[in-house]
Amino acid sequence: MTIPTDPERGEFKRSPNRFTARITADGADGWPVEAGRYRLVVSRACPWASRALIVRRLMGLEEALSVAIADPIQDERSWRFTLDPGGRDPVLGIEFLGEAYRAADPDYDGGISVPAIVDIPSGKLVTNDYPQITLDLDTEWVAHYRDGAPDLYPEKLRDEIDEINRAVHRDVNAAVYEAGFATKQPAYDDAYRRLFARLDELSDRLSRQRYLVGDTITEADIRLFTTLVRFDPVYHGHFKCNRHKLTEMPVLWAYARDLFTTPGFGDTVDFDHIKRHYYQVHEQVNPTRIVPGGPDLSAWAEPHGRADLGGRPFGDGTPPGPPPQDEVVPPQW
């Protein structure tokens, strides 16, 4: 895997999302919401893709939007479907996600990222714009939501959610990568400082309230959770984000366990995929490709005590039911 880094400053630079069409109720971009038309391609290793898996579960979109799970180990040809019989996605009929990118643009030679949504009839990639994908799943697929689906992006709280999301993206979601892929000390130092300063601020905020914004789970909690759940397995050691482990930050550790034990969160997490992807694909960071045995994951099931802060996880809605049988994650411990 080639990691894009500024050679002068040694800073990791994430490539912008090239395919940004939106799938909306009114079809304004030419891609109307239609049950069964699209396929969500994810890796359970990827925090950006995991956001989409969680939203899909919480909103009950499993029947309307099918999912393809890529192998956590990529090769030079991109995310691959070697978990499926014959090494092909059974719906799209392709071996590599890159095929859908090139169906959309034969001249495309950039990175191949997940999450990605593919138009099944044409086989073309529609979008890899991960921040917008979940916002649209939150708001545009209303006709296909389950009864009791929560409001993950309530209108009256959107400005506050957006503000939190910007800070969390810059100083947490992205900063762990900027620390891990830095090739010069100042670049690492800056990412490390921003990360733990923001985690300290979030810890203070969450010491007073159960969720980041309002008294229910929102898009903001989903975006923070997918980084926190990977913190001790990969970011603390592999990415050198090692001032403290998550388990040594009491408020954030309890908050993460609260979400992990909420239906729709922990049942989408696959620690095996997470660890194998980071340690075996990032050879520039881990040349031996050895996957560590730890950490002990059983503590994720310990009581969190966060209910004492109040809050209603799903607001006026209800928890989602169990995941479809073919999407059940193997036991983690």
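User: What makes both faces of strand S3 covered?

Analyst: This is a predicted model. In a regular strand the side chains alternate between the two faces of the sheet. In S3, residues 116-119, Ala116 and Val118 are on one side. Ile117 and Asp119 are on the other. All four are buried, so both faces count as covered.

User: How do you know that S3 pairs with S1 and with S4?

Analyst: Pairing takes at least two bridges. S1 and S3 have four, in the antiparallel sense. In that pairing, Val118 is the bridge partner of Arg39. S3 and S4 (residues 124-127) have three bridges, also antiparallel. There, Ile117 stands opposite Thr127. The S3–S4 hairpin has four residues between the strands, and Gly123 takes a positive phi near 75°.

User: Which way do strands S1 and S2 run, and how many bridges join them?

Analyst: S1 (residues 38-42) and S2 (residues 66-69) run parallel, and four bridges join them. Val41 stands opposite Ala68 in S2. With H1, the two strands make a right-handed β-α-β unit.

User: What makes that unit right-handed?

Analyst: Point the strands away from the viewer. A clockwise path from the first strand over the helix to the second is called right-handed. The unit of S1, H1 and S2 carries that label.

User: Why is helix H3 called largely enclosed?

Analyst: Count its buried residues. H3 spans residues 130-139, and seven of its 10 residues are buried, so the rest of the structure largely encloses the helix. The seven are Tyr130, Ile133, Thr134, Leu135, Asp136, Leu137 and Asp138. Their cover includes H1, S3, S4, helix H4 (158-173) and helix H7 (219-228).

User: Why is Glu327 called buried?

Analyst: Buried means under 20% relative accessible area. Glu327 has 12% relative accessibility, so it counts as buried. Glu327 lies in the segment after helix H10 (271-281). Leaving out residues up to four places away in sequence, Glu327 touches Arg44, Arg56 and Val67. The C-alpha atoms of Glu327 and Val41 are 13 Å apart, although 286 residues separate the two along the chain.

User: Why is the pair of Phe19 and Tyr101 called edge-to-face?

Analyst: A pair of aromatic rings is described by the distance of the centres and the angle of the planes. The search of the whole structure finds 26 aromatic pairs. For Phe19 and Tyr101 the centres are 5.4 Å apart and the planes are at 85°, so the pair is edge-to-face. The centres lie within the 6.5 Å limit, and the angle is over 60 degrees. Phe19 is in the segment before S1, and Tyr101 is in helix H2 (residues 98-104), 82 residues apart. Both are buried.

User: What makes Trp253 and Trp300 edge-to-face?

Analyst: Apply the test again. Their ring centres are 4.8 Å apart and their planes are at 75°, so this pair is edge-to-face. Trp253 is in helix H9 (residues 250-260) and Trp300 in the segment after H10, 47 residues apart. Both are buried.

User: Which residues have the most contacts inside the largest nonpolar core?

Analyst: Leu97, Trp141, Leu199 and Phe231 do, in a core of 98 residues. Helix H1 (residues 47-59) gives the most to this core, with eight residues. Among the residues that Leu97 touches are Val41, Trp79, Phe81, Ala116 and Val118. Phe231 also belongs to an aromatic cluster that includes Trp48, Tyr130 and Tyr278.

Definitions and conventions: Residues are numbered from 1 along each chain as its sequence is written. This is a predicted model: local features need pLDDT of at least 70, side-chain atom pairs count only at pLDDT 80 or more; totals for chains, interfaces and linings use all residues. Side-chain values use heavy atoms; hydrogens and water are left out. A nonpolar core is a set of buried Ala, Val, Leu, Ile, Met, Phe, Trp, Tyr and Cys residues joined through side-chain atoms within 4.5 Å. Buried means under 20% relative accessible area, exposed over 50%, partly exposed in between (1.4 Å probe, protein chains only). Contact means heavy atoms within 4.5 Å. Rings of Phe, Tyr and Trp (its six-membered ring) pair if their centres lie within 6.5 Å; planes under 30 degrees apart count as stacked, over 60 as edge-to-face and the rest as tilted.
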